[in-house]
Amino acid sequence: MGNKTVIISMMNRAYAEQDLKGDTTMLDIFLDSFWLGDEEIRKLRDHLLIVAVDQNGLRSLPVLEA
């Protein structure tokens with residue numbers, strides 16, 4: 001039986017805004033954490049659901065492919 005874990009994250013304007021020092025957003029940092037973790041953490045990417053709660057968040061969501 002497979003892993004039935006679901007990680008739900010909300011995406012809004014605040015997560016989409018770039019910081020003052022560069023082009024990094026909170027979403028970038030969040031997604032990078034899945035790449036920087038060990039193999040067990042990387043497997044959780046397949047269980048990630050990002051929900052946009054406003055138009056800015058929706059426009060800023062990257063298209064992620066499996």
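Visitor: Which pattern does the chain follow, read along the sequence?

Guide: The model is a predicted one. Along the sequence, its chain follows the pattern β-α-α-α-β-α, with four helices and two strands.

Visitor: What makes Met11 a buried residue?

Guide: The relative accessible area of Met11 is 1%, and buried means under 20%. Met11 is therefore buried. Its place is in strand β1.

Visitor: With which residues is Met11 in contact, leaving aside its neighbours within four places in sequence?

Guide: Among them are Ala16, Leu27, Ile50, Val51 and Leu61. Met11 and Leu61 are 50 residues apart in sequence, and their C-alpha atoms lie 7.8 Å apart in space.

Visitor: What makes up the largest nonpolar core?

Guide: Seven residues make up this core: Met11, Ala16, Leu27, Leu31, Phe34, Leu48 and Ile50. At least two of its residues come from each of α2 (26-36) and β2, and α2 gives the largest share, three residues. To be called a nonpolar core, such buried residues must be joined through side-chain atoms within 4.5 Å.

Visitor: How do you know that the buried residues of α2 line one face of the helix?

Guide: The buried residues of α2 are Leu27, Leu31 and Phe34. Seen down the axis of α2, they fall within an arc of 45°, so they line one face of the helix. In general, an α-helix has 3.6 residues a turn, so residues three or four places apart point the same way.

Visitor: What covers the buried residues of α2?

Guide: The cover includes both β1 and β2, together with α1 (13-16) and α3 (39-42).

Visitor: Why is Thr25 called buried?

Guide: Thr25 has a relative accessible area of 11%. Because buried means under 20%, Thr25 counts as buried. Thr25 is found in the loop between α1 and α2. Apart from neighbours within four places in sequence, Thr25 is in contact with Tyr15, Ala16, Glu17 and Gln18.

Visitor: Is His47 buried or exposed?

Guide: His47 is buried: its relative accessible area is 18%, and the cut-off is under 20%. This residue, His47, sits in the loop between α3 and β2. Leaving aside neighbours within four places in sequence, His47 is in contact with Asn3, Thr5, Val6 and Ile7.

Visitor: What share of the chain do buried residues make up?

Guide: Buried residues make up 18% of the 66 residues in the chain.

Visitor: How many salt bridges does the structure hold?

Guide: The structure holds three salt bridges.

Visitor: What makes the pair Glu17 and Arg13 a salt bridge?

Guide: The closest N and O atoms of Glu17 and Arg13 are 3.2 Å apart. A salt bridge requires the nitrogen and the carboxyl oxygen to be within 4 Å, so the pair of Glu17 and Arg13 qualifies. Glu17 has a relative accessible area of 44% and is partly exposed; Arg13, at 47%, is also partly exposed.

Visitor: How do you know that Arg42 and Glu39 form a salt bridge?

Guide: The N to O distance between the side chains of Arg42 and Glu39 is 3.0 Å, and the limit is 4 Å. The pair of Arg42 and Glu39 therefore meets the definition. Both residues, Arg42 and Glu39, lie in helix α3, three residues apart, which is about one turn of the helix.

Visitor: Why is Arg42 called partly exposed?

Guide: Arg42 has a relative accessible area of 26%. Partly exposed lies between under 20% for buried and over 50% for exposed, so Arg42 is partly exposed. Glu39, at 45% relative accessibility, counts as partly exposed on this definition.

Visitor: What makes Lys43 and Glu40 a salt bridge?

Guide: The side chains of Lys43 and Glu40 meet at 3.3 Å, N to O, and the definition asks for within 4 Å. The pair of Lys43 and Glu40 is therefore a salt bridge.

Visitor: Which residues make the nonpolar surface patch?

Guide: Val6, Ile8, Met10, Leu49, Val51 and Val53 make this patch of about 520 Å². The elements that give two or more residues to the patch are β1 (7-11) and β2 (48-52).

Note on methods:
Residues are numbered from 1 along each chain as its sequence is written. This is a predicted model: local features need pLDDT of at least 70, side-chain atom pairs count only at pLDDT 80 or more; totals for chains, interfaces and linings use all residues. Side-chain values use heavy atoms; hydrogens and water are left out. Patches are made of residues with over 30% relative accessible area and no salt bridge: like charges are joined within 9 Å, nonpolar side chains (Val, Leu, Ile, Met, Phe, Trp, Tyr) within 5 Å. Accessible areas come from the Shrake-Rupley method with a 1.4 Å probe; for residues, only the protein chains shown count as cover. Buried means under 20% relative accessible area, exposed over 50%, partly exposed in between (1.4 Å probe, protein chains only). The arc is that of the directions from the helix axis to the C-beta atoms. Contact means heavy atoms within 4.5 Å.
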